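I opened the notebook to record a few look-ups. The entries follow in the order I made them.

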Amino acid sequence: MSGGNSKNKARSKRQEGWEEAGGEFYQELYPGGEQELFDNLQRADAAKLATLLPSKQARNTTTVKRARSQNERRQSTYARTTQSRDIHLSMLPDLSENLSNEERTWEEIMQIKAMPVPMNQKRDIKARLQNATKLRLQGLEQLQWRQRKVWHRFSIRFTEIVGKLELWQSSLREIEGKFGTGVVAYFLFLRWLLFLNFGISIFVIVFLIVPTVLLVEVDYECDDFAENSTICCSQAYLRRNLTEFNVVLSFIQGTGWLERTILFYGVYTDQLYTYFIKTFWQTEFFYNMPLAYILVPISWALFSLIAIVKTAAKGFKERLVESEGQFYMYCNLVFGGWDFCIQNDKSAKIKHKALYNEIKGCLEEERFKEEKQLRTRESQILMHLKRLLIHLVVFIILIASGILIYVIFNYSMDKLNEEQNSHNVVSEFINETEQSALRQYNVSEYSFGQLQSTLLEFLPFITIVVLNIIVPEVFSYLIKFESYMPANTIIITLLRTVLLRLSSLAVLLSQIYIQITDPERIKCASFYEEFRLECWETYVGQQLYKLILTDFALQIVMTFIINLPRAFIARHSNSRCLKIIGTQDFYLPKHVLDIVYIQTIIWMGSFFCPFLPIIGTIFCFLIFYIKKFACLTNCTPSPIVYKASKSKSLFMSVLLLGFVISIIPVAYSVAEITPSWNCGPFRGFDTVWEFVVETFDGFPYFIREIVFLFGTSTFAVPAFAFLLFFLYYYWAVAAANRHMVEVLKNQLVLEGHDKQFLLNRLSAFIRQHQKRCERRNRASFADDDSSIQHSSR
């Protein structure tokens with residue numbers, strides 16, 4: 001334990017060393033230099049005065065070391081390493097040479113700040129002052145510089161305009177002021193998901209929905225019904241009479257009339273649309289709907305992956321910069337955190353609270369680090385035992401949740417299959433007149449059986465959503481006993497909640513897969529029969545559609561019906577027990593998993609329900625206001641203060657995990673499961689991938705050979721070699737940049753040494769000058785006294 005603490009202390013000392021520029025350094029290295037400095041100041045010898053600076057002394061020392069190390073180069077590898085570092089240090093530019101010009105420019109900029117003119121004029125004056133030296137450029141260089149300047153100003157103005165037009169800007173500032181940057185990062189993440197779903201919706205609308213609505217499909221007649229005929233099976237599925245279904249129930253369940261709309265997979269055709277455009281001289285065009293249906297998911301999947309990776313890389317860079325500046329983050333927050341463009345009291349109070357929460361989060365991390373260092377061996381053993389026990393409890397909860405979902409899903413499916421089989425048996429023995437009367441009765445009156453079937457349909461999804469609400473609360477209570485740091489608390493809670501939600505989805509999808517691959521499943525029903533799994537792609541889309549609706553409805557119920565009265569009781573009650581029951585924290589991991597879970601379902605179900613991204617866009621817009629109400633009205637600031645940079649990178653990591661998990665079942669269904677015979681663009685094929693291969697075989701020979709070349713060793717080996725070369729190149733550049741950063745840090749230390757050295761010596765010079773003035777005054781007074789005494793005699 002002591003070894004670990006000593007390593008941490010040594011590491012912290014090594015990290016903090018480049019910022020220390022105390023007076024002891026100068027007192028040890030430059031003792032008794034006041035007289036020499038005084039003499040140089042009196043002679044106004046600037047060249048000799050510069051040699052007394054610590055940076056100059058360091059350069060002279062490194063020059064001597066470099067000369068000695070050249071004679072002893074073969075003796076020690078360590079000496080060569082030290083020599084190379086000293087050479088870099090000696091080759092640094094002397095920043096004190098341009099000190100006079102920099103000081104003059106700095107003084108003028110300080111004068112601009114004191115001018116009683118508007119901020120825009122100050123900016124213009126400062127820009128002219130800083131760019132005065134650039135006016136010496138002539139010809140093409142001056143033109144290029146002016147173009148760059150114009151583009152730079154345009155980009156700044158455009159960024160300011162876009163910033164003012166950002167969605168939910170005032171709401172985000174209000175949330176940031178009350179709950180800190182970590183919570184507002186969650187709402188920024190929600191807004192980012194809104195734009196992502198909007199981009200995916202554009203792909204779906206342009207290439208799937210609009211062609212299906214505008215273009216006319218060719219109708220083929222089914223002369224003799226055959227189970228292996230895709231035409232007859234499709235007509236039996238799409239033209240079946242659906243008037244007996246209730247409109248509201250059909251909308252909620254995704255069945256009935258809604259099942260035969262562009263919302264689901266089943267209505268999209270397997271034909272090539274033919275159309276003419278008058279402006280192109282009646283040219284005949286073709287639109288391959290099956291090819292579009294497979295290319296659109298690939299396009300939005302690549303679009304989502306690029307957006308996630310790009311945003312995650314940006315968040316990682318912000319986190320890296322923050323970790324590099326952890327020793328001066330308090331200075332940045334205190335002296336550079338205020339926004340001087342704030343013009344009203346409300347914005348100033350919000351910004352004040354945001355800075356307070358940010359500093360509070362930094363101090364909270366420091367407190368946890370200090371507690372970690374002060375732990376004894378016995379306390380650490382006890383803490384690890386508690387964590388092991390809690391991990392075991394969490395594992396048992398996850399297994400029990402999966403078993404509960406499995407049992408309830410099988411129970412509801414068995415009941416629904418019994419009702420449907422009894423309905424089909426009854427419909428076979430009644431005539432058409434009785435069937436029409438029965439349908440009119442079902443439309444006019446909402447029976448108890450319909451209510452029961454609806455509850456059975458939604459029972460598995462209600463179970464999943466309720467578990468997703470209750471179990472994370474149990475996890476958040478258990479993690480309080482594990483004594484993790486705030487960042488680790490978020491990570492571990494997210495991992496546990498992700499395991500819960502993914503296990504529930506895995507159980508649901510496994511049960512659906514078992515039903516789909518059942519050999520006794522009816523694949524082509526007649527005109528008068530109906531089976532839920534005859535178009536299994538639509539059935540999968542319906543299940544995910546109901547899961548999203550259930551999750552959204554439960555969020556509304558929890559926010560406005562359950563949590564709002566709790567918050568009201570906590571605010572207006574003096575009872576300690578009621579306050580404990582009603583007080584709610586905005587627990588960030590739970591809310592993050594809510595929207596990541598919905599987004600995972602959207603990605604997973606977009607192939608089977610193309611309208612799902614549009615529904616997701618609407619839901620993200622509504623969820624923002626629901627979560628905002630829950631944050632500002634129902635909840636109080638959490639005792640755990642979350643930091644923005646860590647939250648962003650963590651959100652994207654969880655979202656990337658959800659994206660990968662959502663793509664796996666879709667890819668498996670495309671490659672392995674046989675499409676339905678009576679619906680969808682891929683009816684008649686053994687797998688969807690077979691259609692892709694068949695389409696690829698229809699490409700020209702030249703294109704096929706190029707694609708095949710990418711998979712051969714002739715292309716793969718050189719490509720791998722080039723990738724290794726570029727990887728090594730970027731690694732070398734990064735290593736050189738890291739070394740240059742260290743060198744520049746050392747240069748900053750030397751410049752700080754110079755300033756401290758000059759201040760110390762200047763104060764010594766002033767003291768000596770005052771002492772000499774006092775001695776002169778005393779001597780003059782003594783001379784005056786002696787002259788007065790001499791005159792009196």
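I began at the end of helix H10, where Gly-180 follows. The phi of Gly-180 is positive, near 95 degrees. I noted that the model is predicted.

Next I looked back into H10 itself, which spans residues 169–179. Which residues of H10 are buried? I listed Ser-171, Leu-172, Ile-175, Gly-177 and Phe-179.

Then I turned to the cysteines. How many disulfides does the structure hold? I found one. Cys-535 and Cys-679 form the disulfide, with their sulfur atoms 1.8 Å apart. The pair links distant parts of the chain, 144 residues apart. I placed Cys-535 in the loop between helix H20 (486–516) and helix H21 (536–572). Cys-679 sits in the loop between helix H25 (644–672) and helix H26 (688–697). I read 95 degrees about the S-S bond, and the link of Cys-535 and Cys-679 is right-handed. Both Cys-535 and Cys-679 are buried.

I checked two further cysteines. Is Cys-620 buried or exposed? Cys-620 is buried, because its relative accessible area is 6% and buried means under 20%. Cys-773 has 27% relative accessibility, so I put it down as partly exposed.

My last stop was the surface charge. Which residues gather in a patch of positive charge there? I wrote down Arg-767, Lys-771, Arg-775, Arg-776 and Arg-778. I then followed Arg-778 to helix H28, residues 713–792. Arg-778 has 58% relative accessibility, so I logged this residue as exposed; the cut-off for exposed is over 50%.

Methods:
Residues are numbered from 1 along each chain as its sequence is written. This is a predicted model: local features need pLDDT of at least 70, side-chain atom pairs count only at pLDDT 80 or more; totals for chains, interfaces and linings use all residues. Side-chain values use heavy atoms; hydrogens and water are left out. Patches are made of residues with over 30% relative accessible area and no salt bridge: like charges are joined within 9 Å, nonpolar side chains (Val, Leu, Ile, Met, Phe, Trp, Tyr) within 5 Å. Accessible areas come from the Shrake-Rupley method with a 1.4 Å probe; for residues, only the protein chains shown count as cover. A salt bridge is a side-chain nitrogen of Lys or Arg within 4 Å of a carboxyl oxygen of Asp or Glu. Lys and Arg count as positive and Asp and Glu as negative; His and the chain ends are not counted. The place of a charge is taken as NZ of Lys, CZ of Arg, CG of Asp or CD of Glu. Helices (H or I, at least four residues) and strands (E, at least two) are DSSP runs, numbered from the N terminus. Buried means under 20% relative accessible area, exposed over 50%, partly exposed in between (1.4 Å probe, protein chains only). A disulfide is a pair of cysteine sulfur atoms within 2.5 Å.
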